[in-house]
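Open the model in your viewer and keep the selection panel at hand. The stops below are meant to be taken in order.

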Amino acid sequence: MKYLAKFSLAAAFSLASMTASAADIKVGSVAGVTGPIAELVAPILAGRNLAAEHVNAQGGLLQGDTMKMVVADSACDPKAGVDAGGKVVNIEQVVAIVGASCSGATNGMVQSVTIPAGVVSVSDSATAPSITDLKDNDLVYRVAPSDSYQGRALASHVLASGIKKVAVTYATDDYNAGLAEVFAREFKNMGGTVTANQAHEPKKASYRGELATLAKGGPEALALFAYYGSSGITIIRNSIENGLFGKFYAADGMFDKSVIEQIGADVLRGNIDISQSSSDYDDVSYKLFAAAISAKGVNPKAPYAAHGYDATFLMALAIEKAGSADRGKIAAALRSVSKGPGEVIRPGEWAKAKKLISEGKDVNYEGATGIVDFDENGDVSGIYGINTIGADGNWQTKLLK
Amino acid sequence: MLTIKNLNKNFGGLQAVRNCSFEIQEGSITGLIGPNGAGKTTTFNMIAGEERPTSGRIMFEGQEISGLPTYEMFHRGIVRTFQIPHEFSKMTVLENLMVVPPEQPGESIIKNWIARGAVMRREKEIQERAEESLEFLSISHLWNQEAGNLSGGQKKLLELGRTMMADAKLVLLDEPGAGVNPTLLMKIRDMIARLRSDRGYTFCVIEHDMDMIASLCDPVIVMAEGTVLTQGNMNDIRSNPEVLEAYLGGGEVQ
Amino acid sequence: MIEFANFYLIPGILLGSIYALGAIGITLTFGILRFANFAHGESMTLGAYISFTLVQMTGLHPLMVMPISMVLTIVVLLFIDRYFYRPFRKSHAIMLVMASFGMMLMIRSVIQFFWGVQVKTILPGIQMPIVFFDTLRLSPKHIMIIISAIVLMLAVHFLLSRTKIGKAMRAMADSPELARLTGIDTEHVIRTTWVVGGALGVASGVFLAIDTHVETMMGFNLLLPMFASAILGGIGRPYGAMAGGLIIGLTEELSSYPWIGTEPLLNPGYKAGIAFIIMVGMLIWRPTGLFKGKV
Amino acid sequence: MEQFYGYFLYLISLATMGGIYAILTLGLNIQWGFTGLFNVGIAGFFAIGAYVSAILTTAPSIRHLGGYQMPYAVSFIAAMLVSACIAWAVGKVCLRLRTDYLAIATIGIAEIFRLILKNETWATNGPRGVSMIPKPFETLPEPWNQLCFLALVILTVFVIYLALEVAHKSPWGRVMTAIRENEIAAKAAGKNVERFRMQGFIFGCMLMALAGAYTAHYLKFIDPNATEPLTTTFLVWVMLIVGGSANNRGAVLGAFAMWTVWSASEILASRLPDELAIRTAYIRIFLIGFVLQIFLQKYPKGFLSETRPHPRAARTPGYSEPE
């Protein structure tokens with residue numbers, strides 16, 4: 001009996017140590033692997049993993065520990081988000097979380113798991129303004145800027161390009177509905193006219209009827225808030241084929257190669273401007289990131305891939321800065337590594353950062369998506385680019401100042 | 001007690017019941033005979049509320065009841081049995097009977113939670129009554145059998161037992177003797193007679209066994225091609241040439 | 001007025017013919033195998049994905065490879081029928097509904113596993129419409145889809161009215177017991193049902209893919225309108241399904257026409273609910289459908 | 001030590017969600033197990049409950065209807081009542097038709113409901129959902145708040161279970177069984193079949209709404225994605241079939257077992273390399289469908305088959321126990 005007890009205790013401990021071996025520091029990587037935005041998630045995960053790879057290749061965390069990303073599926077569903085968060089926090093004992101992807105899943109996960117558990121999280125693609133309002137004990141951060149910023153940025157861009165009257169249509173999902181709301185409000189405030197503002201149900205076969213009504217009242221362009229896959233491409237195609245709209249303004253849900261592939265570069269050239277919470281593509285930080293991820297066969301401009309990288313890299317810096325895999329200390333360190341004072345660290349420069357931190361110096365991460373300085377709400381202001389189609393038939397980005 | 005006036009029932013192009021009118025007197029055991037396809041069962045279905053008449057009226061105790069749903073008919077005291085027994089096959093014989101009584105407080109889901117006492121008291125009464133019925137039918141030894149496992153004859157008895165559990169006034173029996181051995185047939189006949197005298201039920205019986213009709217029923221109504229051909233006592237019927245005609249040479253009417 | 005035709009009527013007819021083709025399969029399984037096949041949308045998706053792969057491999061037009069993808073999809077359907085539906089032939093229909101329910105999840109996740117969830121295009125690029133009489137705009141691919149749909153529906157009509165197996169199918173949809181008594185080989189009829197329903201399903205999937213794109217949820221999104229079409233037309237009535245599909249497709253598109261004033265009559269966000277509302281109305285007032293199907 | 005505390009917390013969350021699913025399965029068991037109604041719109045009634053309770057309890061917000069700050073008891077009851085009314089209307093139309101129609105109609109209802117949630121932004125904040133929903137016991141320290149919430153859920157499951165056991169064994173349950181066994185005979189026995197079906201349908205839908213309300217408070221957030229049919233309708237069906245329909249214990253068992261499998265299978269999947277881990281997510285869904293098929297074909301009764309209590313041996317002489 002005694003032996004049995006001893007044995008099972010030993011077995012239990014070895015099991016426990018197996019799941020959290022001394023050389024691993026686990027970071028949760030929660031993303032909507034299945035569900036409505038599954039198609040966007042693969043490049044985001046690639047971004048996150050690239051950051052972890054850089055860390056591990058250049059000396060690892062703390063005493064050479066491996067930064068291990070533990071994937072969990074939040075399915076864009078708050079139920080799944082809470083479940084996924086619970087698993088990485090409690091079973092995997094992660095020290096911090098990158099994610100979740102969708103605002104809804106993030107909202108559920110942080111409110112009912114990570115905030116109570118005192119685990120810090122950095123989302124790379126949750127943009128809902130409501131996340132700003134949460135009582136988060138300084139535990140919820142995001143490198144994806146709130147929609148409020150992007151809506152405003154796009155609105156001013158549209159006016160700046162000489163368009164005074166637009167029609168707005170948005171897909172009924174959390175991301176696009178929010179953006180459209182901000183855009184329409186800001187556009188009006190800045191003196192523009194919104195001739196029509198209509199929701200549309202994603203994934204329908206045709207939007208010709210909707211577009212015909214939207215085209216009334218003489219709008220000069222269509223402001224389109226949709227994911228490219230669920231309705232965006234169909235809407236552009238329907239519009240062009242039927243001569244309803246020729247000029248489009250869209251947000252980053254539309255930013256994908258397949259828009260060009262499916263519609264054709266020549267038709268779209270000069271006729272589509274897509275705002276994107278992006279990066280300064282001339283910035284040295286972005287170039288470092290782009291080179292590294294292109295080598296993996298992933299498009300560096302894929303929506304939120306760069307954000308995935310930055311979120312993960314910041315988390316690694318916070319762990320290093322905290323000096324231990326202690327959840328509370330990591331949370332406390334996160335903001336300080338994101339902004340000055342301190343020496344600037346860029347994507348891929350882990351070895352340098354590690355050395356500086358070990359010498360007790362401050363670091364300031366300037367990432368692929370910009371300077372990523374967390375404000376008091378854990379948000380970043382972000383920078384926006386406008387993508388147009390270049391002579392080579394690819395997206396070309398101009399930074400919005 | 002029951003009056004049927006100019007009843008019609010069409011199924012698509014087929015007219016199953018045609019201008020059918022008859023009366024059932026209180027306290028009688030009325031026989032309903034006729035060749036296959038004469039519309040007897042359809043008439044039953046309409047009286048019991050399973051089918052809605054295309055036109056015509058059904059009056060019960062002076063009230064129009066045509067087109068009312070089955071449970072309404074049941075609550076007015078019209079209870080039926082089926083030619084092919086319909087039992088609740090996975091339930092025990094006792095339960096089969098205990099389902100039937102109307103207005104059980106336990107049939108309200110809420111009363112089961114808040115008025116257990118009343119429910120249990122009524123259950124006890126019902127169970128006693130069911131056991132009495134089983135004894136009357138002399139199948140009490142089968143009380144705990146699943147009804148689906150019973151023999152054809154036993155199922156017929158169970159059908160009869162169901163009518164005893166209801167507060168029936170008029171009982172419609174659809175071929176109680178079909179597929180039953182002669183001994184049991186005699187028993188069923190006696191039971192029907194006793195139920196009339198003891199409990200005051202009125203019966204209407206569809207039956208092909210003419211001996212049974214002759215010894216049990218008065219009057220007898222003959223239906224053919226969806227309408228009433230004639231009615232009277234069995235002797236009159238036997239000598240009626242139209243009836244013989246209807247039965248294709250009268251082979252079945254002895 | 002011409003705007004009405006261009007942007008509401010023609011898309012409505014187009015959508016309607018896609019629904020109609022899918023609904024024929026639903027109504028046939030409903031009539032002959034006596035169950036609501038929840039996996040029908042997924043067989044459309046599967047057909048579209050197979051066609052997509054074939055187009056990628058051969059570079060041919062989707063319509064050219066469609067027959068091959070029909071055959072492949074039908075093979076899958078027959079396999080599914082043999083191992084997942086046949087064991088329930090004698091059970092209550094609801095078991096089949098549930099089995100088809102599980103099948104829906106299985107087929108879809110297999111598609112997602114092999115092809116991924118990225119949206120794919122089967123016919124890239126923009127096709128500018130041909131303009132008739134200066135105003136009426138018809139895109140060549142839409143003409144092609146509508147003509148192909150009409151050809152397929154005529155083929156179904158020929159099959160049901162002229163061939164022996166077609167007559168047997170109709171007999172079985174009318175009354176399975178009677179059909180069995182008259183010596184119809186029911187298994188053969190059932191296989192033919194899968195063949196016909198599958199082929200039409202693939203066609204409607206490919207047409208939808210040509211009009212829009214290939215996507216893993218495309219079949220499921222069509223399921224409700226197709227059920228509605230089948231019910232509207234009367235269960236077990238292939239001609240009813242065709243009419244029902246057209247009506248539902250048209251109503252969906254016309255619902256957002258600015259009949260009164262300049263605003264769409266119905267918020268287009270609710271477009272997907274139209275099919276359902278027609279269906280409920282039908283269930284209340286005339287559950288047998290336009291063509292007197294089964295209840 | 002922390003690892004074990006983690007396991008403990010995970011077990012709490014597993015049991016909480018399992019318990020919420022048990023409420024759903026018990027609701028479905030009334031409909032399918034007792035009454036034989038094929039409801040595929042579980043997500044719709046779940047959503048009704050979740051939103052009604054969320055809107056009634058949240059603090060005022062510019063984003064959605066709210067600010068009523070009602071006590072939980074009121075909001076839970078309101079959620080169930082609203083669901084009951086909608087269930088009544090649906091039942092009125094569909095219950096007299098073949099069972100498949102109910103399936104199609106309910107799946108339609110669920111979709112319509114999602115459309116309403118997405119489009120009526122003034123009330124529901126549209127696709128962005130209702131955030132900062134209060135959670136019972138959340139002011140207690142960790143892990144007591146979670147334990148108390150779990151206790152609330154388990155207590156609810158237990159009370160519902162007892163109530164349903166009583167109902168199943170009662171004359172009400174007897175009539176329900178009779179209707180399922182032989183509808184014609186039940187009608188001939190004077191039972192108002194439509195009314196009993198309606199009762200079953202409404203009671204089931206009320207429980208689904210309650211589960212929805214609990215979920216909203218548990219997640220502290222609700223949006224239309226949380227009412228996705230895959231995890232709110234299909235998974236519940238598999239739970240009931242696997243556990244054993246018409247058996248309340250089976251329903252509860254199936255809910256806890258399948259939720260554990262569903263949730264824990266991901267822990268294994270996350271051990272795989274990334275590329276595979278992403279794809280495994282789809283294998284999980286495939287397996288859910290496959291498990292359903294296996295149980296339908298091989299074990300149609302599930303783990304626990306239906307048991308109906310038979311009346312006890314009578315006192316009247318002449319009765320003997322069957323051999």
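Predicted model: local features only at pLDDT ≥ 70, side-chain atom pairs only at ≥ 80, totals over all residues.

Residues are numbered from 1 along each chain as its sequence is written, chains are lettered from A and ligands numbered from 1 in the order in which they are written, and side-chain values use heavy atoms, with hydrogens and water left out.

**Stop 1: the two domains of chain A**

Select 9–146 + 282–371 of chain A for domain 1, and 148–276 + 384–399 for domain 2; such bounds come from an automatic or database domain assignment. The C-alpha centres of the two domains are 31 Å apart.

Now show the boundary between them. Contact (heavy atoms within 4.5 Å) involves 13 residues of domain 1 and 14 residues of domain 2 in chain A. About 1200 Å² is buried between these domains, with carbon and sulfur atoms giving 50%. Buried area here is the accessible area (1.4 Å probe) that two parts lose on being put together, summed over both. On the domain 1 side, pick Ser146(A), Lys301(A) and Pro303(A): these lose the most area to domain 2, together 39% of what that side buries.

How many salt bridges are counted between domain 1 and domain 2 of chain A? The count is zero, where a salt bridge is a side-chain nitrogen of Lys or Arg within 4 Å of a carboxyl oxygen of Asp or Glu. Three residue pairs, both at pLDDT 80 or more, are in polar contact across the domain interface. A polar contact is a pair of N or O atoms within 3.5 Å; within protein, one must be able to donate a hydrogen and the other to accept it, and residues adjacent in sequence count only if both atoms are side-chain atoms.

Next, colour helix H2 (38–57) and helix H4 (103–117) of chain A, each of which supplies at least two residues of the domain 1 side that touches domain 2. Helices (H or I, at least four residues) and strands (E, at least two) are DSSP runs, numbered from the N terminus.

**Stop 2: Thr106(A)**

Stay on H4 of chain A and select Thr106(A), which is found there. Is Thr106(A) buried or exposed? Thr106(A) has a relative accessible area of 2%, so it is buried (buried means under 20%, exposed over 50%, partly exposed in between; 1.4 Å probe, protein chains only). Beyond its neighbours within four places in sequence, Thr106(A) is in contact with residues including Ser123(A), Ala126(A) and Ile131(A).

**Stop 3: chain A against chain C**

Select the 29 residues of chain A in contact with 40 residues of chain C. The two chains bury about 3000 Å² between them, 53% of it on carbon and sulfur atoms.

Three salt bridges are counted between chain A and chain C. For one salt bridge, zoom to the side chains of Arg208(A) and Asp211(C), at 3.0 Å, N to O. Among the elements giving two or more residues to the chain A side are strand E7 (193–200) and helix H9 (228–241). H9(A) gives the most, with six residues.

**Stop 4: chain B**

Chain B has no contact with chain A, the closest C-alpha atoms being 33 Å apart. No contact joins chain B and chain C either, with closest C-alpha atoms 12 Å apart.

Finish at Glu245(B), in helix H10 (residues 241–246) of chain B. Glu245(B) counts as exposed because its relative accessibility is 63%.
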